[in-house]
Amino acid sequence: MLSRMIKDGDIFIVFDLEWNQPIPGKEYDFDVSDLPGEIIEIGAVKLKYDNGTVFPIDVFSCDIKPEHYKVLHFHVKKVTHKSNSDLSRGVSFPDAYRRFRDFCGSDPILGGWGNSDTDMLKCNLRAFGMDDKIGLYFLDIQPLFSVFSTEKGRQRSVEFAVDYYNVPKEEMFHSATSDAKYTALILKNIFDRNKASEVLSVISSSSVNCDMKREYSTVGACCDRKNEALSLVSGFTGKCPICGEGFLIREEPFRIRKSVYALYKCPNDGEFFSRTRLKKNKDGKFYAASVLRLATQPEYYLIASKKEEFDKYGSAGAPVVAEESSQDTADGGQG
Ligand SMILES: [Zn+2]
């Protein structure tokens, strides 16, 4: 799928957000699912691309005074080490966002660890009645790290990548500004320790338009048989959710345990990763839930690793072992 070519002088803005969460059980005068988190800090590093690597040239940091979730959720308090009085020292979200966009300048490539920050940013823009169109390309540095480390296909935390590259840990994690600084250093290490042409090629096939909807899903009707449940969603996975054109098959559907994986191609919109999960409701009826996602690097690695598993173990899948730390990804809410 689309790409954003990188040339000398291009600017990367690696950013990170911290957000507060609604207090469980508390009544709000709006639907909290529209605002799962209210941003309380924006941190960013500006890097310039030149001659095969990036150089940090500026830092942005802004605390925000929340309007909706004014009391720190205990989990956020624990992770970010912020206090309720810290919150009152910030500026309003609209003001902070304007300052951030001024810092970005025109046409940078945004970068971040995982894609939850762009989603949360859009959500907050809507909650404050602002235009949620960001109008920039976004590069997820987490899967980029996984491609260029021995950690292929695994989701790791910022701290894991910092240790991997022996970046000195001089600042605490989980402040937006320090996490943005660490993520920027990870990006620099990826460039410095690999062939620039290879890094650029993965970046241009992985950067996506922030405003484009990438994921489409459906849930099929309930029925008595597994195969019938699967066939009820085959219409959805058979054609492009954007333009309606019939898909070409790049990777034939294969099933591991309760999930069916495939890779399709729309002649107009590019390649889609597809996963359909077979589920059972409380009455013992079967139904299927399907997701189609415009494929970027993480989806290509996922389908390749699932196919490898399928070729080796068939539909039974790899024997399940209690894995030591699949929880390493639990960077979660506070980016
Ligand atoms: Zn299409």
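Biologist: Where is the place of F145?
Modeller: F145 sits in helix 5; helices (H or I, at least four residues) and strands (E, at least two) are DSSP runs, numbered from the N terminus. Residue numbers count from 1 along each chain as its sequence is written. Bear in mind that this is a predicted model, where local features need pLDDT of at least 70 and side-chain atom pairs count only at pLDDT 80 or more, while totals for chains, interfaces and linings use all residues.

Biologist: Is F145 buried or exposed?
Modeller: F145 is buried, because 24 other C-beta atoms lie within 10 Å. The cut-offs: buried is 20 or more other C-beta atoms within 10 Å of the residue's own, exposed is 12 or fewer, partly exposed is in between, and the C-beta atoms are placed from the backbone.

Biologist: And which residues does F145 touch?
Modeller: Leaving out residues up to four places away in sequence, F145 touches R156, A161, I186 and I190. Contact here is C-beta atoms, placed from the backbone, within 7 Å.

Biologist: How many of the eight residues of helix 5 are buried?
Modeller: Seven of the eight, so helix 5 is largely enclosed by the rest of the structure. The buried ones are I141, Q142, P143, L144, F145, S146 and V147.

Biologist: What do those buried residues of helix 5 pack against?
Modeller: Strand 4, strand 5, helix 6 (158–164), helix 7, helix 8 and helix 11. Helix 5 lies across strand 4 and strand 5, at about 45 degrees to strand 5. Axes are lines fitted to C-alpha atoms, for helices over the stretch in contact, and angles run from 0 to 180 degrees between N-to-C directions.

Biologist: How do strand 4 and strand 5 pair?
Modeller: Strand 4 (residues 109–112) and strand 5 (residues 137–140) are parallel, joined over four bridges; strands count as paired when DSSP finds at least two bridges between them. Within that pair, G111 is opposite L139 of strand 5.

Biologist: In what order do the six strands of the open sheet come?
Modeller: The order is 3-2-1-4-5-6, with mixed pairing. Strand 3 (53–63) and strand 6 (208–209) are the edge strands, each pairing on one side only. Helix 3 (residues 93–104) packs on this sheet, where it touches strand 1 (11–20), strand 2 (38–50) and strand 3. The direction of helix 3 makes about 5 degrees with that of strand 2.

Biologist: Changing topic: which residues have the most contacts inside the largest nonpolar core?
Modeller: F12, V14, I39, I42, A44, I186 and L187, in a core of 48 residues. Helix 7 (residues 176–192) gives the most to this core, eight residues. A nonpolar core is a set of buried Ala, Val, Leu, Ile, Met, Phe, Trp, Tyr and Cys residues joined through C-beta atoms within 7 Å.

Biologist: What is I39 in contact with?
Modeller: Setting aside neighbours within four places in sequence, I39 contacts L17, W19, I64, F93, M120 and N124. Apart from that core lies another one, of 18 residues, including A229, A262, L263 and Y264.

Biologist: Now domains: how is the protein chain divided?
Modeller: Into domain 1 (11–209) and domain 2 (215–316), with bounds from an automatic or database domain assignment. Their C-alpha centres lie 31 Å apart.

Biologist: How many residues of domain 1 are in contact with domain 2?
Modeller: Eight residues of domain 1 are in contact with six of domain 2. On the domain 1 side, helix 5 (141–148) and helix 8 (196–206) each supply at least two residues, and helix 8 gives the most, with three.

Biologist: What about the five strands of the other open sheet, in what order do they come?
Modeller: They run 7-11-10-9-8, and the pairing is antiparallel. Strand 7 (215–219) and strand 8 (248–256) stand at the edges with a single partner strand each, so one side of each has no neighbour in the sheet. From one strand to the next, the twist averages 15 degrees.

Biologist: How many bridges join strand 10 to strand 11?
Modeller: Nine bridges join strand 10 (residues 270–280) to strand 11 (residues 286–294), and K280 stands opposite F286 of strand 11. Helix 11 (residues 297–313) packs on the sheet and touches strand 8, strand 9 (259–266), strand 10 and strand 11.

Biologist: And which residue takes a positive phi in the hairpin of strand 8 and strand 9?
Modeller: R257, with a phi near 50 degrees; that hairpin has two residues between the strands. Six bridges join strand 8 to strand 9, and R255 stands opposite V260 of strand 9.

Definitions and conventions
Two residues are in contact if their C-beta atoms, placed from the backbone, lie within 7 Å.
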